[in-house]
Amino acid sequence: MRFSKRIGSILGGIALTALVAGCDRAQPGGQQSSVETADMATDSYAPVAPGEKYKSNEISPVHMVADAPVSTFAVDVDTGAYANVRRFLNQGQLPPADAVRTEEMINYFRYDYPLPADRAAPFSVTTDVAQSPWNPDTKLLRIGLRGYDLSYAKRPPANLIFLVDVSGSMDEPDKLPLVKAALSLLADQIGPEDRVGIVVYAGAAGVVLDPTGDPAEIKDALDQLKAGGSTAGGEGLQLAYNLARDHFIKGGVNRILLATDGDFNVGITDQKQLEQLIEQERDDGITLTTLGFGQGNFNDAVMESMADLGNGNYAYIDSAMEAKKVLSRSSPPPSSPSRRT
């Protein structure tokens, strides 16, 4: 397990669903049938997002608990899949199969699980079992975790670096303009001890605002941003980490918020190289949250992987309302526990 920090709270709620075998014999016939159905479904619809990139999301097989009794989960929550899938459905399209990640669809919502009594218990556990509606020989087990919530008033000071993609691919209404509106919303919520800096990247990277606690100064810098050029994402990441380290707050929330469509085309363009860069930096206590924007060339695979490796979270923002949900101090924290099933 790993624990992630975020403005507003440490951990939040989660719902997990696992399939538990209720008999002492395997059923290869039923399992094979479900795999064949999934394959046929994948082949039956035309790709609706040929320019977008998604990591292969294979169906998890059924395991006999007698043979594999241990299951693990990471203590962070990504919700990007829900908002991204909703975007396709709102446009009257089926989403790509690999865009649908069940645990993110479930964890998008807040569940009314009991809070831990105090911080000595990092989370509470709630379980319930029901008969499977499609197989009388199996049962469904739901495991719900609720982490200890740190109130907004009690959270430690924050050192935030907004890393903003201002390349030419961001010159769309649902990209840079929405990024500016979303981050301006967050700027309005900073406390007197918080600091926010801004790094941008296009053909090259640069610091446009040294860390400050003045919301008006932050919003003014965001308002000046314009899109154009190629995408030197790797250089921007390194510069953001350097700035965060220079203004590191011991015992505080030290985090980079990367806002992009995930399209890296200059410098470090290989996903493995990006992951290695983040792995080298994360042990310094600086987490990385990724905020995805736009469509057509959206790189979901890069966004999810970078957030996972950076001990942060991944959210997809397609509207001002979604930005408020993700970034508002009253919203469920994106740094909540989750599990990939």
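This is a predicted model: local features need pLDDT of at least 70, side-chain atom pairs count only at pLDDT 80 or more; totals for chains, interfaces and linings use all residues.
Me: How many aromatic pairs does a search of the whole structure find?
Reply: The search finds five aromatic pairs.

Me: Why is the pair of Tyr82 and Tyr108 called stacked?
Reply: Their ring centres lie 3.9 Å apart and their planes meet at 15°. Rings pair when their centres are within 6.5 Å, and planes under 30 degrees apart count as stacked, so this pair is stacked.

Me: Which parts of the chain does that pair link?
Reply: It links distant parts: Tyr82 belongs to helix α2 (residues 80-90), while Tyr108 lies in the loop between α3 (102-107) and β2 (123-131), and the two are 26 residues apart. Ring pairs also bring in Phe109, giving a cluster of Tyr82, Tyr108 and Phe109.

Me: What makes Tyr82 partly exposed?
Reply: Its relative accessible area is 21%. Buried means under 20% and exposed means over 50%, so Tyr82 falls in between and is partly exposed.

Me: Is Tyr108 buried or exposed, and how do you know?
Reply: Tyr108 has 7% relative accessibility. The cut-off for buried is under 20%, so Tyr108 counts as buried.

Me: What makes Tyr111 and Tyr113 a stacked pair?
Reply: The ring centres of Tyr111 and Tyr113 are 5.8 Å apart, with planes at 20°. The limits are 6.5 Å for the centres and under 30 degrees for the planes, so this pair is stacked. Tyr111, at 22% relative accessibility, counts as partly exposed, whereas Tyr113, at 7%, counts as buried.

Me: How do you know which charged end sits over the ring of Tyr108?
Reply: The charged end of Lys325 sits over that ring, 4.0 Å from its centre. The distance limit is 6 Å, and the charge must also be within 35 degrees of the ring normal. Likewise, the charged end of Arg87 sits over the ring of Phe88, 4.2 Å from its centre.

Me: Let's turn to Asp261. Why is Asp261 called buried?
Reply: Asp261 is found in the loop between β7 (253-260) and α7 (271-282). Its relative accessible area is 0%, and buried means under 20%, so Asp261 is buried.

Me: What makes the link between the side chains of Asp261 and Lys175 a polar contact?
Reply: The contact is 3.1 Å, and the limit for a pair of N or O atoms is 3.5 Å, with one able to donate a hydrogen and the other to accept it. A polar contact of 3.2 Å also joins the side chains of Asp261 and Asn297.

Definitions and conventions
Residues are numbered from 1 along each chain as its sequence is written. Side-chain values use heavy atoms; hydrogens and water are left out. Rings of Phe, Tyr and Trp (its six-membered ring) pair if their centres lie within 6.5 Å; planes under 30 degrees apart count as stacked, over 60 as edge-to-face and the rest as tilted. Helices (H or I, at least four residues) and strands (E, at least two) are DSSP runs, numbered from the N terminus. Buried means under 20% relative accessible area, exposed over 50%, partly exposed in between (1.4 Å probe, protein chains only).
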